[in-house]
Amino acid sequence: MRNALWIPMLLLSFSIQAQKNFTISGSVKDGSNGETLIGATVQLKGTSNGTTTNEYGFYSLSAPAGEYILIYSYLGYENVEKNIQLDKNLKLTIELAEQTAQLQEVVIVAEDPNQANIESPQMSVNQLSVSKIKQIPVVLGEVDVIKSIQLLPGVSNAGEGASGFNVRGGAEDQNLVLLDEAIIYNTSHLFGFFSVFNADAIKDVKLYKGGIPARFGGRASSVLDVRQRDGNSKKIGLTGGLGAISSRLAVEGPTLKGKGSFLIAGRAAYANVFLAILNNANRAGFYDVNFKTNYNLNENNKLFLSGYIGRDIFTIANAFSNSYGNISGNLRWNHLFSDKLFSNLSLVYSKYIYGLEINQIGLEWDSDIENYNLKYDFGYFLNDKLTLNFGASGIYYKINPGLLNPLDSTSAIIMKKLDDKFALESAVYLSAEHKITDRLTAQYGLRYSYFSRMGAQPLNDYEKNLPVVYNSELSIYERGTVVGQTDFASNDNIKTFGNIEPRLALSYQLNSNTSVKASYNRNAQYLHLISNTTSATPLDVWAPSGKYIAPQIADQYAAGYFKNFNSNQYTLELEAYYKTVDGRVDYIDGAELIAQNNIETEILQGESRAYGVEFLLRKNKGKFTGWLAYTLSKVEQRASGGVAGGPGINDGFWYNTVFDRTHDLSLTGNYQLSDKWNFGANFIFQTGRPTTYPNGQFQYNGLSIPSYANRNTNRLPAYHRLDVSATLTPQKNKTRKWQSEWVFSIYNLYNRRNAASISFSQNTETGLNEATRTAIFGIIPSVTYNFKF
């Protein structure tokens, strides 16, 4: 009885302690346009008590009663200091003024001035934001989010002109790419020349390479979280640019008497015009439109509606036509239950459409994947030591692998519809950011994901339940023997999976400018991109896990050393990581993937591993800014025969994946010569991509048949290039509302012909074998005119 009194006494103690604390909450905005700022720092001066704004610009901070000075800061903006008397809960919305007034471009930024990169347990994360420094030189002068993140350590791509990106040795399908929470399945325009992200519509970009928060799931390697701008809530604005083969225009402004705002941004390529002038029968072009609006119902409730639509069309001499594109939409409701409890409810839609026409054989192919996502997220700012995040989500997938139709009545193509596939992926999560001591901070959480491969389709039954078997006489893998078929109704579950996904990150401060960090995360991926090419193509299809295909399970460990020099003028980040993936899909020799209704007969599942060291040194202040990024890494994969028998792919030995780049170096710099001139440059060096060359040949019926070495034992030549740019900002910008700039850039300054591939063939005249190098880009100069009103 006596011991039982401790319980109410303890609760009373907590209650009394809580009564002594008060809460300051609100939002931080850009003073020029009312845009909320993501990741802005709010700090009580002279204390270690501080926080950052969330994805919607909201913050909450608790402290004992007293007099304080609040410091609000954000990179590229003037700090604001505010004296407060904290004797009750306060709501403060603060606007920050920009330090400069140049046109906005997407560039990587350093962490905030109050050393959050040292104190935060978050590691393996790089943030990009709409900043006031000049653009990174890219092909055809177009600011490109995807090409910008490829200059970071641990990030690469499959080659020049290839779409997508690879993170720490992961494949493209292992990246979760989100645009305002909507899944983007293909991030490229014109097969990788441009990305789908319009810089004029983007507010914030954050790439998680490791230490992934528990609220994210569904992919094995990374999360690219892209947030669109809300639109100017103070005045009508116009932003745009005229480029070599594309142009863009964005309009924004307030709505409903200042209670909301809107943004509409569009881009279009006009390469078709130049091709027509040159009497070239080929056609290539794209367009995309971003839209967003919001409305403040009251101080505790806000609605958002955003969307995106993009389409690419590519035609070769009226013989081949390809079209593909993304569509997404998101309706969100922000609700503030109290000054400590924030919530966001989202209804999200995504669709990726891809089609193909081949006139020579009269083929028309149409495929798509679409999903509906309902998610509810909460943030509870318990006190200055502990913040909780929790929520739930459910995603319904409908996958159309392909519909083949004849183009006309003369075509020999027979109509064929591949079976639609349906799945439901749901999850719940809980995570905490906990300041255990003044030096030690932890971010820990747990995510439980559940995946159901739903019915409404027939499924083949195979002898011994083996869709792939090993033929020991021919030493090859073959399709299994079909012994029957099971018809699943729409209310049946073909197969279900459940996975617990722990997340942990720790930061220990050695001193105010130095910290060491460590993290571990497990991620389950239930969707697989079926492709045997080095980068995504429109004919690639997504396949859900099910009876014959297991999910991918990734485990990643990372440790790092972080240091700031000279009042954050220089920042050093050094990280080492080790990642394994079970259930990675690989393809048997001779796999037939196109129009394949039973994809399980073409694959084996194995494992992959990636490990490496990343180095990032940044200069954040002064006339010269930039960074040096270097990655030393190894990426391997293997697939044993398993229950199918046999030695497996590549005789069951580990082999380099196509994403293995031993050395990856990027040097990026910007020099602000004056208010009028800004110069930029970047240099890239990468070890050549692994490939397989013939190592011999034999004669058969008068033909030379090549033989090949083990998989990916050869490499393409090393990749390197230098890009430069010069930006001219007219002096008259200072005295007028219409502001403009000219961007002159040269991509691949010394005209390096980097190999996209090397093919081998026999010269019909000499009879000798020849190697042919295929290069995408040489030197490309460009001029872009940007304007803002």
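E614 is buried at 2% relative accessible area, where buried means under 20%, exposed over 50% and partly exposed in between, with a 1.4 Å probe and protein chains only. K209 is also counted as buried, at 2% relative accessibility. The two form a salt bridge, with their closest N and O atoms 3.1 Å apart. A salt bridge here is a side-chain nitrogen of Lys or Arg within 4 Å of a carboxyl oxygen of Asp or Glu. E614 belongs to strand β40 (residues 603–619). K209 sits in the loop between β16 (202–208) and β17 (222–228). The pair links distant parts of the chain, 405 residues apart.

The model is predicted, so local features need pLDDT of at least 70 and side-chain atom pairs count only at pLDDT 80 or more, while totals for chains, interfaces and linings use all residues. Residues are numbered from 1 along each chain as its sequence is written, and side-chain values use heavy atoms, leaving out hydrogens and water.

**Salt bridges**

The whole structure holds 35 salt bridges. Three of them are tabulated here.

| Salt bridge | Closest N and O atoms |
|---|---|
| E614 with K209 | 3.1 Å |
| D225 with R227 | 3.4 Å |
| E636 with R609 | 2.8 Å |

D225 and R227 are both buried. E636 and R609 form a further bridge, at 2.8 Å. E636 lies in strand β41 (residues 624–638) and R609 in β40, so this bridge ties together parts 27 residues apart in sequence. Strands, at least two residues of type E, and helices, at least four of type H or I, are DSSP runs numbered from the N terminus. E636 counts as buried at 11% relative accessibility. R609 is partly exposed, with a relative accessible area of 24%. Elsewhere, salt bridges with shared partners join E35, D180, K203, R229, D230, E252, K292 and R332 into one network.

**Aromatic rings**

A search of the whole structure gives 26 aromatic pairs. Rings of Phe, Tyr and Trp (its six-membered ring) pair if their centres lie within 6.5 Å; planes under 30 degrees apart are stacked, over 60 edge-to-face, and the rest tilted. F378 and F390 are stacked, at 5.1 Å centre to centre and 10 degrees between the planes. F378 is in strand β25 (residues 363–381) and F390 in strand β26 (residues 386–406), so the pair ties together parts twelve residues apart in sequence. F378 counts as buried at 18% relative accessibility. F390 counts as partly exposed at 29%. Y785 and F787 form a tilted pair: 6.2 Å centre to centre, 35 degrees between the planes. Both Y785 and F787 are buried.

Ring pairs also link Y56, F58, F304, F342 and F381 into a cluster. The charged end of R227 is over the ring of Y56, 5.8 Å from its centre. The charged end of R332 is over the ring of F304, 5.3 Å from its centre. This requires NZ of Lys or CZ of Arg within 6 Å of the ring centre and within 35 degrees of the ring normal.

Two strands pair if DSSP finds at least two bridges between them. Strand β1 (residues 21–30) pairs with β7 in the parallel sense over seven bridges. K29 has E95 in β7 as its bridge partner.
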